[in-house]
Amino acid sequence: MTAQLADPTSDTPPGRQSGGHPQRWLILGVICLAQLTVLLDNTILNVAIPSLTEEMAASTADVQWMINAYSLVQSGLLLTAGNAADRYGRKKMLVAGLALFGIGSLLASLAQGPGQLIAARAGMGIGGALLMTTTLAVVVQIFDEGERPKAIGVWGAVSSLGFAAGPLIGGSLLEHFWWGSIFLINLPVALLGLAAVVWLVPESKNPTGDRPDLLGALLSTIGMTGVVFAIISGPEHGWTSQRVLLSAFVGVVVLTGFALWERRIPHPMLDMHFFRDRRFVGAVGGGILVAFGMGGSLFLLTQHLQFVLGYDALGAGLRTAPLALVIVALNLTGVGARLLQKLGTPVTIFCGMGLLALGLALIATLGADGYGGMLLGLVGMGAGIAVSMPAMATAIMSAIPPEKAGVGAGVNGTLTEFGNGLGVAVLGAVLGSRFGALLPAAAAGAGSFPTAYAAARTDEERATVADAFASGVQTSQLVGAAAVLAGGVLTAVLLRRAERSSQEISAA
């Protein structure tokens, strides 16, 4: 059955009534391919940091903005993209997203300086926002309730794989080509995805969908950018500097204005009443912290492997591969879905986030001087992500009406992207502060490891620079572990209370 047979005014694709779309698993493969490409670009740039630092004379703040520009634009636009998909058609948004993402990738590969690359990455974020909202929304539409947890598990495995496999794929490309190849690889995937989406994916939409909330999108983007900019700028300019305080103040004020605006308008980008549902609040908070730990940790690990342990880009990518392999193995075999059915949502999410926190702590304590301890931590991280992320996606989507599937996908994507960007910013800031405090006098004030290493005059000073960077990474990983563990406890408590409240209402 092709997309042309879909009813353009119905929110239910053909075949849904009989248990799901007849080609649902093939369609899932198509949208997972699109999702994989988008998410790879969250971490694929990490292994190119040494090359970009050298060839573009990029500072640590430049590198963080190269990474965060993509995530922040997506975070700001995901909810609007979800509303647009619900109203105008999820297939249309998939096609538009793939096209924009491909064009942005081409421009990124041709960038000549940090500013151009940051701008291109921001442009790619627009296409990525359209793709991320529609992929999960389509999964919800074409699978019935019985198969949906398994389908979301596969979708979650691919989503996590996109984050985790970025360094491996990026390292493989950088071994043979220049840094722009990590963006050019997106072009054939985007073209293949376009053809498959047009041929296979059915159109679905909510004919009474809400109008896109453009002011809400603008406010959320400005607010999140202000907060993260303050976090990135803190180590370099001082946490009490006018620049940092003003940026943080603007971010908080604008985000407050966003929340108030969403409560007033008849067609909000994000219905604030969703936050009255403890399932929704718990899953959102947990999702942010899982992405925080994963995104921030990979940002640190790829630099530690190259700067301190001396691996090249490919070697660093290969050594992060166990994280991706564990995630894929556990989710494709249905371990996460079975645990969810057996243990329930609160316990499953707590176990997953606990494993993720343990993995981060093991990397911090055992992986500073060699790869053995780091490998053990990567396995723990992979197991935690594989268990927790699909469970949280299911909890979020179940707390939102089916006709708002695009909005639900937007919320899920927003928390993932915002958590990833926040992880890079916060843990990167902790790294920068600790690293700067431990540098020898000859390298004082250096904004990056290569600059500090070049400024060191003796072998002893160079060893001190390496030790300072390793200590910064260790401290950052421990901060990430503490945040994830605390989030796991809070998420489990909120979800458990929500279940008890539902049971009491049903009994009454």
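Which helix holds both D459 and R462, and how many residues apart are they? Some notes on that and a few other spots follow.

1. Ground rules. This is a predicted model, where local features need pLDDT of at least 70 and side-chain atom pairs count only at pLDDT 80 or more, while totals for chains, interfaces and linings use all residues. Numbering runs from 1 along each chain as its sequence is written, and side-chain values use heavy atoms, leaving out hydrogens and water.

2. The D459–R462 pair. Both residues sit in helix α18, three residues apart, or about one turn of the helix. The structure has one salt bridge.

3. How open that pair is. D459 counts as exposed because its relative accessibility is 59%, whereas R462, at 22%, is partly exposed. The cut-offs: buried is under 20% relative accessible area, exposed is over 50%, and partly exposed is in between (1.4 Å probe, protein chains only).

4. Q477, also in α18. Helix α18 covers residues 459–507 and includes Q477. At 0% relative accessibility, Q477 is buried. Leaving aside residues up to four places away in sequence, Q477 touches S297, L300, L301, L360, I363 and A364, with contact meaning heavy atoms within 4.5 Å.

5. Helix α10. Buried residues here include V244, G251 and F258.

How values were computed
Helices (H or I, at least four residues) and strands (E, at least two) are DSSP runs, numbered from the N terminus. A salt bridge is a side-chain nitrogen of Lys or Arg within 4 Å of a carboxyl oxygen of Asp or Glu.
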